[in-house]
Amino acid sequence: MYNCRVGIKGKVEGGKTHQFHFNNTLLASKSFHFFTRVGNMEKEKSEMSRREKLGTEIIGKVGDIISVIKDAKLVDQVICALHSLAIFLFPLDSILLSGSLDQRYKNQVLEAKVPTRDERGDWWRAFYGGAAFPALARILLYDVASNWLACFSISARKHVYDSFFINGPSTETVQALVPVLSENGINEDVDPTSVCSNAERMLVLCLLENDGVRHMAREFGDSSKSEECADEWLKPDKLAFISRVAQLVASIPDKASLEAPVALSSHLFFKQITVQLLSEALEREVELYNGTDTLDKTVVDGTFLFVGETFSRICRRGSADVVLVEIIPRILEHVRSFSSSIDPDEIESKAKSQLWMKIVEAIRDPYAVERFSEELLRQLATEHLNDTEAYWTLWMLFHRTFKHERMIRAMFRDKFLLWKVFPVCCLRWILQFSVLECPPSCTNAMMEGGNTGGLLDTLQRLVGIWSKREFVQSASMEQQAYITAAVGLCLENMSKEELEATKDIMNPLLHGVSCRLESPIHLVRKMASCVALAFSKVIDPKNPLYLDDSCNEETIDWEFGLTTLRKRIAAPSNGTETAKDEVQISSSILQNGVNGVLSGKGKTSKVDKELREFRLVDPNEIIDPATLNNDNFSDGDESQNSETLSDSSLQPYDLSDDDTDLKRNFSQLGDIISALRKSDDPDGVEGALDVAEKLIRASPNELQHVSSDLTRALVHVHCSHVTVEEEEDSAEEKRQRALVALLVTCPFESLDALTKLLYSPNVDVSQRILILDVMTNAAQELANAKSTRVKHQERGLISTVSENQPWFFPPSRGPSWAGPWEEVSETGTVLSFTHRYERKLPSKSNHIKSGKSRRWSLQSTKIQENQHDWSKNTFPIYAAAFMLPVMQGYDKKRHGVDLLGRDFIVLGKLIYLLGVCMKCTAMHPEASALAPALLDMLSSRQISHHVEAYVRRSVLFAASCILVALHPSYVASSLLEGNLEISKGLEWIRMVALHIAESDSDAECSTMAMTCLQLHAEMALQASRSLESADPFKAKSAGITSNLLKGTIIMPHSTTQYQN
């Protein structure tokens, strides 16, 4: 260090540097900056003073114009007043206005002073930046638009009215125009229709035709170009301003009137502003990427803030699809521009890639992000993308927010996997992006940064939900299929070592498979089979486990055919006939479901088809029992003597496998019962099953006495123990046909035995289902059987003459076409002690045909035809025996019997049987007698709100059958007679069908509920017509008080109620 001392004259003593000159320079620099700052402050103060003065002048000018407009008597006065201000704000050619003005006002317009360009800029900033524009805009939008604008010429409206909104800042224009759309702020002195239509016209002109939304985004971007201004825009009040402007823009379609231009409809309006915002955002991103803007990369630009806020508001209004229709083609074009091997660093180096990343980052509303992402996945699924393109699309949009924001990770890993339902391709993309976190080109999840830990955690959470029995019972079929596919896809991406290392997965997984295999719904069982197959491929790829014949391909179909099912359910149905057809379809669905449980397949049994071919035989017909054992029995006329056989018939043939002659021939029902009880003689059991049905339908005399024992023997025989492998179905069909034949030919005795066995602890679930199935088939056969019945005519012991004619006239019996009797006088004598009568009998030409013989009889053919009545339905007389015994004790838990809990399949089949019985008694008196008891059973909460969808489907089917079976006139008479039981039951059907249609998780239940509502509406309509046509004095004559007539029928799509 040098010890320096500065002299007065600037010399340095003992030093080697010129410190004196340095200090002088520094002091001079500080002084210069000080005086410069003082000068700038003075200039700023002077500028602010000038601006305040100009602002005061403009406000005064606006005040004068408002006064002139309010006091104006002519439209030219209004135009001149507006022109005097417009010429200071915009480059206006006054000659364009002069042609439509009076001479006095024309001179005033042409002689107006034209300011310089700088003066015009100062006026423009002061006018739109202060309180002058809002004050003038209110007068323009209310007073001028209501009273004077219709008188403006086209040029005057364009230059001195529209220009105030078009040439101003778009942010200020929107704040002035949008509130006008609400009629709450309109005064009584103005015409609201004119005001609103003008505001809508200006919005279309400013925002759509002149790209006003794009100008807004540019204004926000220009305001944040410097870092100081950017920090200002990130303050809460500035962000609130951006949000408020975005809210105003997005609310325009909602506030527009019904007569508004089509361009202001939500779809078209949001589409056009989306295009504007994307164009401006891309232009702004190119400026930032090329370095023409010095904004820090970490600072969010005002343009993207406005774009994100606007997209958030649009998504919240349910129009995310409109935004994505414009975004997806652009982003897919950008993704496809890369080569097949895409590098993440290469993607981030592109300006367009940064654009999409910043747009998603700018959408800060969680709900809007969720709606945006959900709609994005669904629209990508319609684009038929490959997995690689879909992965990089998601990566480009969400990888930044997914990495830094926990909310985005929870959305993909929780909501999109556990709560939402997407197509399977979307599910595959979600797992690839959010769980595996690697592109699909990676063959192993552990390669190239794969997230194995995340896969195990996700699978554990999925299996924890999937394995619960409550989930199988309460979740919709689409949700179950989606979660099942997620579990299966996760299993396909795991190795055997990873699966064995996770001990908390295997047990719940096996439990979920087992509880689904118990379901009566084929689709649920198929889900279990697919998961079991995927699990077995992980454990032992060489020995896959096939639990279903449909799961025999290399690639598992994780869609489970739900697309076809959804199309069938979505098919429209019109009319009551279609509703009744849907009842038939629903009954077949319920029938096929349980048949699949018993057979292990989802196919329909052939029993129903064969049962329809049977008809009641004549009980007086004589049948040789020996012929029942030989299907190919031939008559004696067709036999030939052995002497007449040819030589070729004498040649030897193989008898090694011809055991038909060795089989025992059964000709008595007692022999069949004995053979069925010998389980150690499989050949005897098989032979008895072969002949049982034919012998039963022959109706021998012993049938009535042995029917109970034969019924029990057929129920207790085990076909699987007495038949060879793969022939169990054939023996089972023979047993079912024999039981159906017993119920048809000897109903009461057979029903007594079957109903006692139904709740007996000595039978298993399959035998109970067998009992209900054969009762169902027997009821349908009895309802479709044809029989003849002689109609006995009741005749009195003493005949009376009912004709209004003298006693001595001959009776009027005879052909219907015969003429009246006429008295004929005798010829040849004047007096006659007898009377002679005759009548004309014209011949019937249509009864006399060539080549036909006429039938002669003592009685008329017409009388014989009247004595025979053809009936197609013999079931109603047995309906009570079919229904009432099985309805008793269904809710009691016995040893081995728990219909309300474990044996819910039996409960569903029981309710299905009762519904079929009601349908077979349709329009018969028995239906009216049995319907109240069935309604009381169905309305119990344990049945109508059962946790299993199969039982709820059966309830809806039975309720629909009740509506089909009851005659509308019976419902009307029940209301008139004060019978509230039927009325309350029908109202319960309507309420429970509405509840299921609105809130049930099973799609099939919802469809059946809608069918039930259609049938109920038709029933209400027909019953109301019967009530209207009834005698109004009938109730009084019957002595019925008005207090009893409380039945109410609600008409569909109407507020009218028919109440008595």
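Predicted model: local features only at pLDDT ≥ 70, side-chain atom pairs only at ≥ 80, totals over all residues.
Good morning. His384 has a phi near 55 degrees, which is a positive value in a residue other than glycine. Most residues other than glycine have a negative phi. As for its place in the chain, His384 belongs to the loop that joins helix 19, residues 366-382, to helix 20, residues 387-404.

Let me set out the whole protein before going on. The chain has 1060 residues, and 44% of them are buried. Its secondary structure consists of 48 helices and eight strands. Among contacts with a separation of 6 or more, 73% are between residues 24 or more positions apart. The accessible surface amounts to about 57,900 Å², and carbon and sulfur atoms hold 51% of that area.

I turn next to helices 23 and 27. How do their axes cross? The axes of helix 23, residues 452-466, and helix 27 come within 9 Å and cross at roughly 35 degrees. The crossing is left-handed. On the side of helix 23, the contact is made by Leu456, Leu459, Gln460, Val463 and Trp466. Helix 27 contributes Asp504, Ile505, Pro508, Leu509, Gly512, Val513 and Arg516. Sorted by class, these comprise eight nonpolar, two polar and two charged residues.

Helix 27, residues 503-517, also holds Met506. With a relative accessibility of 26%, Met506 is counted as partly exposed. Leaving aside residues up to four places away in sequence, Met506 touches Leu499 and Phe535. The C-alpha atoms of Met506 and Val463 lie 9.0 Å apart, although 43 residues separate the two along the chain.

Finally, please look at two serines. Ser699 sits in the loop between helix 33, residues 682-697, and helix 34. Its phi is near 55 degrees, again a positive value in a residue other than glycine. Ser699 is partly exposed, with a relative accessible area of 27%.

Ser707 lies within helix 34, residues 703-716. Is Ser707 buried or exposed? Ser707 counts as buried, because its relative accessibility is 1%, and buried means under 20%. Which residues does Ser707 touch, not counting those up to four places away in sequence? They are Leu742, Cys746, Glu749 and Ser750.

Thank you for your attention.

How values were computed:
Residues numbered from 1 in each chain as written. Heavy atoms only, no water. Helix = DSSP H or I, 4+ residues; strand = E, 2+ residues; numbered from the N terminus. Buried < 20%, exposed > 50% of the residue type's maximum accessible area, 1.4 Å probe, protein only. Contact = heavy atoms within 4.5 Å. Axes fitted to C-alpha atoms, helices over the stretch in contact; angles between N-to-C directions. Left-handed = near helix turned anticlockwise from the far one by under 90°. Nonpolar A, V, L, I, M, F, W, Y, C, P; charged D, E, K, R; others polar. Areas by Shrake-Rupley, 256 points an atom, 1.4 Å probe, with all protein chains shown as cover.
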